[in-house]
Amino acid sequence: THWQVMLRDDVALLAMPGAHHKALLRQACALHRDRLIDADDLSDMLELADAALAYAVESLLDLDADI
């Protein structure tokens, strides 16, 4: 799905972690609102979006530490 492609887009994630996270959340909520996914799928997607944000923050902190 488009959402999964967005989730795997490391370039966009690392370039703008906050905006990318918000886009993932908005897309997941829209899928749920349109009844394309159920509440369990929504919960899983929100957890994956949060994990992606945490990964991006950790990666960027690691890059700063290497400088």
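**Close-up 1. Asp 38 in the loop between α3 and α4.** In this predicted model, Asp 38 sits in the loop that links α3 to α4 (39-66). Asp 38 is partly exposed, because its relative accessibility is 41%, between the 20% limit for buried and the 50% limit for exposed.

**Close-up 2. A negative surface patch that includes Asp 38.** Six residues form this patch: Asp 38, Asp 40, Asp 41, Asp 44, Glu 47 and Asp 50. Asp 38 belongs to the loop between α3 and α4. Its 41% relative accessibility is over the 30% required of a patch member.

**Close-up 3. Helix α3, residues 17-33.** The helix has 17 residues. From first C-alpha to last, α3 reaches 24 Å. That is close to the 24 Å expected at 1.5 Å a residue. Which residues of α3 are buried? They are Pro 17, His 20, His 21, Leu 24, Ala 28, Ala 30 and Leu 31.

**Close-up 4. The salt bridge between Arg 33 and Asp 34.** The whole structure holds 1 salt bridge. Asp 34 pairs with Arg 33, and their closest N and O atoms lie 3.8 Å apart. Are the two partners buried or exposed? Arg 33 counts as exposed, because its relative accessibility is 59%. Asp 34 is partly exposed, because its relative accessible area is 46%.

**Close-up 5. Arg 35, following α3.** Arg 35 follows α3 and has a positive phi. The angle is near 60 degrees.

How values were computed:
Residues are numbered from 1 along each chain as its sequence is written. This is a predicted model: local features need pLDDT of at least 70, side-chain atom pairs count only at pLDDT 80 or more; totals for chains, interfaces and linings use all residues. Side-chain values use heavy atoms; hydrogens and water are left out. Helices (H or I, at least four residues) and strands (E, at least two) are DSSP runs, numbered from the N terminus. The expected span of a helix is 1.5 Å times one less than its number of residues. Buried means under 20% relative accessible area, exposed over 50%, partly exposed in between (1.4 Å probe, protein chains only). Patches are made of residues with over 30% relative accessible area and no salt bridge: like charges are joined within 9 Å, nonpolar side chains (Val, Leu, Ile, Met, Phe, Trp, Tyr) within 5 Å. Accessible areas come from the Shrake-Rupley method with a 1.4 Å probe; for residues, only the protein chains shown count as cover. A salt bridge is a side-chain nitrogen of Lys or Arg within 4 Å of a carboxyl oxygen of Asp or Glu. Lys and Arg count as positive and Asp and Glu as negative; His and the chain ends are not counted. The place of a charge is taken as NZ of Lys, CZ of Arg, CG of Asp or CD of Glu.
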